[in-house]
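Please read this briefing alongside the sequence and the coordinates shown below.

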Amino acid sequence: MMKNIFRLTLALTLALAAPALVAAPAAHRTLQAKKEKPAKKEKIDKTVMKNALKEITFITEKKPNPAAKYYIYLQASSTCAKCNQEMPNVVKQYKEMAKHKVELIFVSHDPDAETAIAFMQKYKADFPCVLADSEDAKKLPAFESTQSTPWASMLNAGGKEIQGNIAGFIMQDWKGISETGAPVRNYKKG
C-alpha cells in the first residue's frame, strides 16, 4: 500500500512538473537569444556640433575642429583656485585629445574676453574659448552654465551630453569615454 501511494505521488508530481520542465529550456533559450542580440547603436547626427560651431564667434583665434567625434566644454575662471590648479593638466592633455578626435572648448566664467585670454596665456592654452555669459555660449548644443567650476561636460558630435563632472574627473576619463561612447563614472551635478 505504501509503495502504491509513493508511486502515485511520484507519477502525479512528474505529470504536474513535466510541462514546466519542457518549457524551462525553451524559456532559457528565449532569454539567451534576447541577451545575444547586439544592442542597436544610437544614430548620431554628426552635423549638429559642426553646424552649431559655424554660428559661434570665439574670442580666441583658435577655432574648434568641426570634424571631432567628441567635444568637451570646460567651464572655469581665472579667479578659481581649483581652475588654476587644473589648467596645466588640461593644456598638457589637449594635444593628446586631438589624436583621438576630441575637441576642447573653454567656456570662461571671467567677466570679459581680456581676462579670459590673459588666463589662457598664463598657461599657454591654445584652445577655442567663449564667454559663459555670452549669446555665443547659449548656441553650444546641450550647454548648461554652472557655478561649480572647474566643471566639464563631454558630448558626442550629435550634441548629446555623455558625461558631466568635476573637470579633473573628465580629464581623467575623456579617453575611456571616447573609446566607448559611454559614461565611465556616476556623478551628481553641483
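What follows describes a predicted model, starting with the sheet and moving on to the helices and the cores.

The strands form an open sheet of five, ordered β3-β2-β1-β4-β5, in which the pairing is mixed. Because β3 (129–131) and β5 (161–166) stand at the edges and each has a single partner strand, one side of each is left without a neighbour in the sheet. From one strand to the next, the twist averages 20°.

**Strand pairing**

- Strands in a sheet are held in pairs by backbone hydrogen bonds, and the pairing may be parallel or antiparallel.
- β1 (70–76) runs parallel to β2, to which it is joined by seven bridges, and within this pair Ile-72 has Leu-104 of β2 as its bridge partner.

**Burial of β1**

- In a regular strand, side chains alternate between the two faces of the sheet.
- In β1, seven of the seven residues are buried, with Tyr-70, Ile-72, Leu-74 and Ala-76 on one side and Tyr-71, Tyr-73 and Gln-75 on the other, so that both faces of the strand are covered.

**Helices against the sheet**

- Helix α3 (residues 81–99) lies across β1 and β2 and runs at about 150° to β2, and together β1, α3 and β2 make up a right-handed β-α-β unit.
- Helix α4 (residues 113–122) lies across β2 and β3, with its direction at about 145° to that of β3.
- Helix α2 (residues 47–54) has Met-49, Ala-52 and Leu-53 buried, and since the buried residues fall within an arc of 100° when seen down the helix axis, they line one face of α2.
- Among the elements that cover those buried residues of α2 are β1, β2 and β4.

**Nonpolar cores**

- In soluble globular proteins, nonpolar side chains tend to be buried together.
- The largest nonpolar core holds 30 residues, and those with the most contacts inside it are Ile-72, Leu-74, Met-87, Met-97, Leu-104, Phe-106 and Phe-127.
- Two or more residues of this core come from each of β1, α3, β2, α4, β3, β4 and α6 (167–180), and α3 gives the most, with six residues.
- A second, separate core has 15 residues, including Tyr-73, Ile-105, Val-107 and Ala-132.
- Leaving aside residues up to four places away in sequence, Leu-74 touches Met-87, Val-90, Leu-104, Ile-105, Phe-106, Val-107, Trp-151, Ala-152 and Ala-167.

**Phe-119 in detail**

- When residues up to four places away in sequence are not counted, Phe-119 touches Ser-77, Ser-78, Cys-83, Asn-84, Met-87, Phe-106 and Asp-110.
- Phe-119 and Met-87 are 32 residues apart along the chain, and their C-alpha atoms are separated by 9.4 Å.

Notes. Residues numbered from 1 in each chain as written. Predicted model: local features only at pLDDT ≥ 70, side-chain atom pairs only at ≥ 80, totals over all residues. Heavy atoms only, no water. Pairing = 2+ DSSP bridges. Helix = DSSP H or I, 4+ residues; strand = E, 2+ residues; numbered from the N terminus. Axes fitted to C-alpha atoms, helices over the stretch in contact; angles between N-to-C directions. Contact = heavy atoms within 4.5 Å. Buried < 20%, exposed > 50% of the residue type's maximum accessible area, 1.4 Å probe, protein only. Right-handed = clockwise from strand over helix to strand, strands pointing away. Arc of directions from axis to C-beta. Core = buried A, V, L, I, M, F, W, Y, C linked by side-chain atoms within 4.5 Å.
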